[in-house]
Amino acid sequence: AFFPQDRFDEVVEQAGWVVARKDHGYVALWSERATHWRTYGPGESTGGHTLPFDLVAPGGADNVWIAEVGRAADHGSFAAFVSAIVASNPAVVRTGPEIDVTYASPTEGIMRLGTQGGFTLDGMARALRDHPRHSSPWAEQCALGKGMDVSAGGSRLQLNIETGGRRVS
């Protein structure tokens, strides 16, 4: 996960979450697998980042990631947002190839999604729309794509989902 610490005002790592604040906006990222910050040796490009930015969860593409965003207007202080996030305790149950995820979002309610069955919010079935995996002014990626090419301000990030490769230019 690209999570550039030097672009945030505060970064907190707690209970498996990495939570950050930029001005009055908040973001939280959780991985089912233990994470570590990738280190770069002398001469390796960090794209100008001075603090860790590449959060890695080794083990394969079947990892579960959860992201939550918020803002001070809705959550109050950053400390209050962090407390609510780390209290959520996401649960992942694996039965063979099947995965079932339950997450008590402090903003939205109890979310549940699995490889079998649909998506529910507070126990009510919700439709999942057919939409791109990612859509922004810089890139669009279909849900079944094997990579991503993101460009902005003369910089480019190319990701290969199959190999885990990444090229920054």
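Start by selecting β14, β15 and β16: these three strands form an open sheet in that order, with antiparallel pairing. (Strands are DSSP runs of E with at least two residues, helices are runs of H or I with at least four, and both are numbered from the N terminus; two strands pair if DSSP finds at least two bridges between them.) You are looking at a predicted model, in which local features need pLDDT of at least 70, side-chain atom pairs count only at pLDDT 80 or more, and totals for chains, interfaces and linings use all residues. Residues are numbered from 1 along each chain as its sequence is written, and side-chain values use heavy atoms, with hydrogens and water left out.

(Axes are lines fitted to C-alpha atoms, for helices over the stretch in contact, and angles run from 0 to 180 degrees between N-to-C directions.)

Next, zoom in on residues 155-160, which are strand β15; four bridges pair this strand with β16 in the antiparallel sense. Pick N160 and you will find its bridge partner in β16, G165. Four residues lie between the strands of this hairpin, and G164 takes a positive phi near 80°.

Move on to the five strands β7-β8-β9-β10-β11, an open sheet in that order with antiparallel pairing. At its edges are β7 (91-95) and β11 (124-126), each pairing on one side only. From one strand to the next, the twist averages 20°. Select residues 98-105 and 109-114 to see β8 and β9, antiparallel strands joined by six bridges.

Time to go inside. In soluble globular proteins, nonpolar side chains tend to be buried together. Show W17, V19, A28, V64, I66, F81 and I85: they have the most contacts inside the largest nonpolar core, which has 15 residues. (Such a core is a set of buried Ala, Val, Leu, Ile, Met, Phe, Trp, Tyr and Cys residues joined through side-chain atoms within 4.5 Å.) β2 (17-22), β3 (25-31), α2 (78-86) and β8 each supply at least two of its residues, and the largest share, five residues, comes from α2. A second, separate core of seven residues includes F3, V27, L29 and L55.

Which strand holds V19? V19 sits in β2, and it counts as buried because its relative accessibility is 1%. (Buried means under 20% relative accessible area, exposed over 50%, partly exposed in between, with a 1.4 Å probe and protein chains only.) Leaving aside neighbours within four places in sequence, V19 is in contact with residues including E10, V27, A28, F81 and I85. (Contact means heavy atoms within 4.5 Å.) V19 and F81 are 62 residues apart along the chain, and their C-alpha atoms are separated by 8.8 Å.

For a last stop, select H49 in the loop between β4 (36-37) and β5 (55-56). H49 counts as buried because its relative accessibility is 12%. Not counting residues up to four places away in sequence, H49 touches F2, P4, D6 and R7.
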